[in-house]
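The structure is shown below, and the discussion follows.

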Protein chains: 2
Amino acid sequence: MMLPKQVEIVEVGPREGFQFEGISRPEAIAFDDKLALIAALAATGVKTLQIVSFVHPKQVPQMADAERIVEALQPVSGVTYTGIYLNDVGLKRAIANPKLALVPDLVLSASETFALRNQKRTFDEDAQAARRMGALYRDLGVAVTTGNVMAAFGCNYEGPIPLSRVLERIGTLSDIAEETGGRLSTLNLADTMGWADPTLIRRTVAAVRERWPATRIGLHLHDTRGLGLANVYAALVDGIDRFECAIGGLGGCPFAGHGGAAGNVATEEVVFLCDRLGVSTGIDLTRLLDAGRLAERAVGHPLPSRLLRSGVEIGLQKAVNDSGVHLFDHGR
Amino acid sequence: MMLPKQVEIVEVGPREGFQFEGISRPEAIAFDDKLALIAALAATGVKTLQIVSFVHPKQVPQMADAERIVEALQPVSGVTYTGIYLNDVGLKRAIANPKLALVPDLVLSASETFALRNQKRTFDEDAQAARRMGALYRDLGVAVTTGNVMAAFGCNYEGPIPLSRVLERIGTLSDIAEETGGRLSTLNLADTMGWADPTLIRRTVAAVRERWPATRIGLHLHDTRGLGLANVYAALVDGIDRFECAIGGLGGCPFAGHGGAAGNVATEEVVFLCDRLGVSTGIDLTRLLDAGRLAERAVGHPLPSRLLRSGVEIGLQKAVNDSGVHLFDHGR
């Protein structure tokens with residue numbers, strides 16, 4: 001038990017949520033609503049906001065407005081805004097926007113099937129793309145600082161992913177970082193498809209730390225199967241102090257019109273857990289819940305976050321329903 | 001870290017779910033659907049099913065059919081069926097049904113405001129009622145084995161509940177049990193309004209164990225604020241091996257028509273967590289998910305369980321939506 005004193009929360013809801021919500025309807029979220037949500041999140045105390053993705057507009061039409069979003073953005077002092085990209089074209093679009101911070105990072109997938117489906121790349125091609133990206137950073141005069149492994153805990157196509165393969169992919173990331181004059185000071189492990197569990201997280205964290213003791217580990221978790229917050233707690237107990245989360249649990253499946261399958265772990269639930277454990281996040285939970293309600297209005301349907309429904313403390317009035325019957329266990 | 005080898009799962013969905021869903025519409029769930037769900041749950045391998053509540057039909061009209069349910073019940077060998085009650089009238093109704101097992105238990109609330117609202121009793125009256133119940137058990141020739149503390153981790157009316165008060169209430173339960181010739185071999189702590197967090201659970205468990213080392217602790221948790229599964233994990237790590245849960249996360253708030261605020265921790269998510277941690281439950285997860293889908297059809301709206309949406313393993317077909325776009329992070 002070595003709970004961190006403070007954790008870094010990276011809000012990825014605008015990027016991941018806008019992208020996801022727009023899968024079937026690129027215009028699912030109005031441009032002004034996107035900006036309003038980004039502004040509301042920036043007012044919560046969160047330090048890093050991932051707001052756009054620079055991908056091909058044919059592939060992800062709902063992100064075609066990435067440049068417009070950044071252009072209209074009114075940056076808040078103390079908040080770092082980032083975008084993500086998967087290739088040199090995306091990187092060039094990202095660095096053309098001085099309001100965005102450049103995070104010199106590399107990405108690999110731990111599932112080859114996922115890499116083929118998500119980016120049309122074999123493992124070798126995935127590594128070659130990362131190598132090209134490393135060279136681009138070097139040409140820009142920046143050193144790689146960060147690695148990301150997607151599908152690090154399992155894959156809907158391949159099932160469980162062996163830990164040895166995750167370590168091998170991290171090794172490749174580390175090699176490429178060093179070849180291009182950088183090093184992995186931060187490594188984000190993404191549970192892209194919601195396969196992690198507390199034991200798997202602890203085992204993976206221990207193995208990564210043993211081999212790369214100077215690398216800080218961050219987690220990008222999804223709550224697909226209901227274990228999201230249990231996974232966050234297990235990671236906190238092991239001292240993990242960096243989490244990527246999405247307001248309201250944005251990023252869920254399209255059945256979410258019914259409040260359906262969950263996406264990312266909800267930022268407000270992670271912050272609430274940290275608050276309860278005495279772990280500082282620097283984030284104002286009341287403002288975060290306000291931003292969550294704004295996100296729900298923007299997407300036009302309930303989001304998966306439970307805390308968004310319940311609030312932190314339900315008052316007397318809310319605890320009694322219209323008919324005056326108490327909303328509790330009657331008896332237990 | 002002392003994960004138990006196996007845990008006892010007590011399914012309370014029929015009792016708590018039917019009760020809850022019927023708050024505004026007593027006929028919310030058809031009689032035959034109730035029986036079908038109980039039968040489906042009995043086929044999962046779960047050992048104990050809490051199926052009815054013997055409360056006054058004026059107060060809880062949706063439980064007016066308790067006797068009819070038990071009468072129509074076709075018990076499955078190896079499954080224990082139970083009902084709950086809050087007073088001597090309820091106890092007499094329960095023991096009139098030989099298909100139900102009698103669990104000689106006592107209940108106190110750790111929040112006086114909740115006791116006043118839920119049962120119209122002060123702390124003193126609550127203890128007097130428990131004392132009368134203990135005397136009734138003695139007259140029936142059975143010894144008290146079990147105690148229950150409601151609102152043991154917090155209360156929507158009172159806020160946090162001091163640990164000293166929880167211990168004091170357990171002390172009263174223990175005294176009454178001994179006065180009537182029994183003892184608390186099992187103590188269930190109920191997070192009736194969803195106030196628990198992992199640290200609070202571990203602290204409470206440690207304090208109870210220190211004072212009553214021979215008493216087995218069970219937990220009845222709600223997922224109201226999103227920490228339900230994190231709380232289960234924290235408890236498992238401390239060796240807790242008894243959990244009361246509800247299929248689908250039944251027992252939620254009336255906004256649940258939108259897949260809204262969560263009720264009890266979902267049985268299938270607890271079993272899934274245990275499976276992943278190598279903790280045996282004796283429950284077949286596939287059958288449990290079938291029962292969950294049945295529960296959703298019976299209540300006529302999505303239930304809060306995430307695993308019920310996602311399934312344990314999403315296959316290739318399901319992972320691609322109609323437009324052929326992958327339902328993942330595009331890029332991370």
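In chain A, the loop that runs between helix H4 (88–95) and strand S4 (105–109) contains A:Leu102. This is a predicted model.

## Packing of two helices

Helix H2 (residues 31–42) and helix H11 (residues 285–299), both of chain A, pack with their axes 9 Å apart and at an angle of about 170 degrees. H2(A) is therefore roughly antiparallel to H11(A), since angles over 145 degrees count as such.

On the side of H2(A), the contact is made by A:Asp33, A:Ala36, A:Leu37, A:Ala40 and A:Leu41. H11(A) contributes A:Leu288, A:Ala291, A:Leu294, A:Ala295 and A:Ala298.

## Salt bridges in chain A

Over all chains, the structure holds 34 salt bridges. One of them lies within helix H11 of chain A, where A:Arg293 and A:Asp290 are 3 residues apart, about one turn of the helix. Their side chains meet at 3.0 Å, N to O. Both partners are partly exposed: A:Arg293 has a relative accessible area of 35%, and A:Asp290 has one of 42%.

Another salt bridge joins A:Glu168 to A:Arg169, with the closest N and O atoms 3.9 Å apart. Here A:Glu168 is partly exposed, at a relative accessible area of 39%, whereas A:Arg169 counts as buried, at 4% relative accessibility.

Which parts of chain B does the pair B:Asp241 and B:Arg216 tie together? The side chains of these residues meet in a salt bridge of 2.9 Å, N to O. B:Asp241 lies in the loop between helix H9 (228–237) and strand S8 (242–245), and B:Arg216 lies in strand S7 (residues 216–220), so the pair ties together parts that are 25 residues apart in sequence. B:Asp241 counts as partly exposed at 22% relative accessibility, and B:Arg216 counts as partly exposed at 29%.

In chain A, salt bridges that share partners form one network, which joins A:Glu8, A:Arg216, A:Asp241, A:Arg242 and A:Glu244.

Key
Residues numbered from 1 in each chain as written. Chains lettered and ligands numbered in written order. Predicted model: local features only at pLDDT ≥ 70, side-chain atom pairs only at ≥ 80, totals over all residues. Heavy atoms only, no water. Helix = DSSP H or I, 4+ residues; strand = E, 2+ residues; numbered from the N terminus. Axes fitted to C-alpha atoms, helices over the stretch in contact; angles between N-to-C directions. Parallel < 35°, antiparallel > 145°, perpendicular 65-115°, else oblique. Contact = heavy atoms within 4.5 Å. Salt bridge = Lys/Arg side-chain N within 4 Å of Asp/Glu carboxyl O. Buried < 20%, exposed > 50% of the residue type's maximum accessible area, 1.4 Å probe, protein only.
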